[in-house]
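Please keep the sequence and the structure in view while reading.

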Number of protein chains: 2
Amino acid sequence: MAEIPGRSVTSKVVALFDAFGPDSPELTLNELSARTGLPLSTAHRLATELVAWGGLERCDGAGYRVGLRMWELGSLAPRGESLRDVALSVMQDLFEGTKENVHLAVCQDGQALYIEKISGAGALLVKSRRGGRLPLHATGVGKVLLAHAPKEVQAKVLAAPLARFTRHTIVEPGRLVRVLDDVRGTGVAFAYEELTLGSLSVAAPIQDASGAVVAALDVVLHTTGGRPERLAPAVRTAAISISRALRDQQIRSHP
Amino acid sequence: MAEIPGRSVTSKVVALFDAFGPDSPELTLNELSARTGLPLSTAHRLATELVAWGGLERCDGAGYRVGLRMWELGSLAPRGESLRDVALSVMQDLFEGTKENVHLAVCQDGQALYIEKISGAGALLVKSRRGGRLPLHATGVGKVLLAHAPKEVQAKVLAAPLARFTRHTIVEPGRLVRVLDDVRGTGVAFAYEELTLGSLSVAAPIQDASGAVVAALDVVLHTTGGRPERLAPAVRTAAISISRALRDQQIRSHP
């Protein structure tokens, strides 16, 4: 494959990393080359440099995978690990109190990125995974994040086709706009079988010291688990506890 | 500052990332330039490209920090997140059973890198943090990892001066070699106030499907918590459970 002229080396390095994802945790050199559009020789040279650094690792076979150095650097990301550290104990309490899946998510590139998930033997099996992404318009945390996202993010999500996952997914932009108004007004978001049949979500916003919504918390349960409205006070209370802990931590680190 | 000639762009990009650490989560452009040896203009250009990608983020002030995209990519590292996912429930059980700090660590660059830490209100306050590093020769998990490390890693650690943290730290290479023999023979490692006065550690190895030691598990408790030997069966049992779960998972993903 001919190399794209004028492409910066930095863009090639990040393209190599972007080739990996939850569905492609291991890639051969051929796959890396195909996914990045880099010639084999360039992909090999850059991958070798990244292996020497630790950002990539060789697999037992012929492939490459994301290296532990990326995990270590990622643990320094304030919007990931620090947020999780602050939220974890409250999330564990909410799990103890409800015995249902508890999620913490932030908005990234117009999607909900799941920062932490607490689950247990009795909880519903759900699609979410730590480090995974789900769409904003079809999940509880996603609706909270979208309702409080910058106008340009909202406009972009509403302008694109809204993917339909079940017959309950909201795919009409006008209806979604009204739902987001409700979410801002009530401080709580629901999703009723909008991503997966049989699954309900109750979500609330987490605010930082400036009052900005920086994350969302939700509980996901089976539709047989009773009316989701009964869980709204628990989820809102937990989200408020995390918001307070976040403010306290910000005041401690930037007094 | 004059740029080092012949330095590859990849090496400059990774130098920018390496400038960040647990003690330097936020850096100004001047600090980035000083820590990487890159001219301000180069550091600015590369940092701007990495911000656009999401690997770095701008802080509220003048600085930069590690971005959420690094956290997301890091969550794909098998030796980090996948290992943690497999180990987590057993670690929680061990914490429930002991009410003491439980750590999971792997060997990285001749140090113990902490992948997960479970702690609670009653547990001793310890130096460890998720994503942090501690020396191999002065911790329980470190001794396990060093005892089973490749010969060249052992030789390197034993050849370098062994840092003294307390009067109990083992700083004589010959004595450390004998301790590592014991660790391999007994399948358990102890650290008695070797990193911090008042703190004990009991550790055991975690093996993958091939029998290689890929991680270590320990419990860290106060010296007033009784003889550490009494915890050895619990820690070994938990480490064996995690090893078995790891084998099962490897067999499922590579049948």
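**Strand pairing and helix packing**

In E9(A), A:Leu217 is the bridge partner of A:Leu104. The model is predicted: local features need pLDDT of at least 70 and side-chain atom pairs count only at pLDDT 80 or more, whereas totals for chains, interfaces and linings use all residues. Residues are numbered from 1 along each chain as its sequence is written, chains are lettered from A and ligands numbered from 1 in the order in which they are written, and side-chain values use heavy atoms, with hydrogens and water left out. Helices (H or I, at least four residues) and strands (E, at least two) are DSSP runs, numbered from the N terminus.

**Domains of chain A**

- Chain A is divided into domain 1 (9-73) and domain 2 (78-253), with bounds that come from an automatic or database domain assignment.
- The C-alpha centres of domain 1 and domain 2 of chain A are 32 Å apart.

**The sheet of chain A**

**Strand E4 and its partners**

- Strand E4 (residues 101-108) of chain A pairs with strand E5 (residues 111-118) of chain A in the antiparallel sense over 7 bridges.
- A:Val106 stands opposite A:Leu113 in E5(A).
- The hairpin formed by E4(A) and E5(A) has 2 residues between the strands, and A:Asp109 in the turn has a positive phi of about 55°.
- E4(A) also runs antiparallel to strand E9 (residues 213-222) of chain A, to which 5 bridges join it.
- Because 7 of the 8 residues of E4(A) are buried, this strand is largely enclosed by the rest of the structure; buried means under 20% relative accessible area, exposed over 50%, and partly exposed in between (1.4 Å probe, protein chains only).

**Packing of helices H6 and H8**

- Two packed helices are described by the angle between their axes and the distance between the axes.
- In chain A, helix H6 (residues 140-147) and H8(A) pack at an angle of about 85°, with their axes 9 Å apart; axes are lines fitted to C-alpha atoms, for helices over the stretch in contact, and angles run from 0 to 180 degrees between N-to-C directions.
- H6(A) is therefore roughly perpendicular to H8(A), a term for angles of 65 to 115 degrees, while those under 35 count as roughly parallel, over 145 as roughly antiparallel and the rest as oblique.
- On the H6(A) side, A:Lys143, A:Val144, A:Leu146 and A:Ala147 meet A:Leu176, A:Val179, A:Leu180, A:Val183 and A:Arg184 of H8(A).

**The loop residue A:Leu162**

- A:Leu162 belongs to the loop between helix H7 (151-159) and helix H8 (173-186) of chain A.
- This residue, A:Leu162, counts as buried because its relative accessibility is 12%.
- Leaving aside neighbours within four places in sequence, residues in contact with A:Leu162 include A:His137, A:Ile170 and A:Leu176; contact means heavy atoms within 4.5 Å.
- A:Leu136 is 26 residues from A:Leu162 along the chain, and their C-alpha atoms are separated by 9.6 Å.

How values were computed:
Two strands pair if DSSP finds at least two bridges between them.
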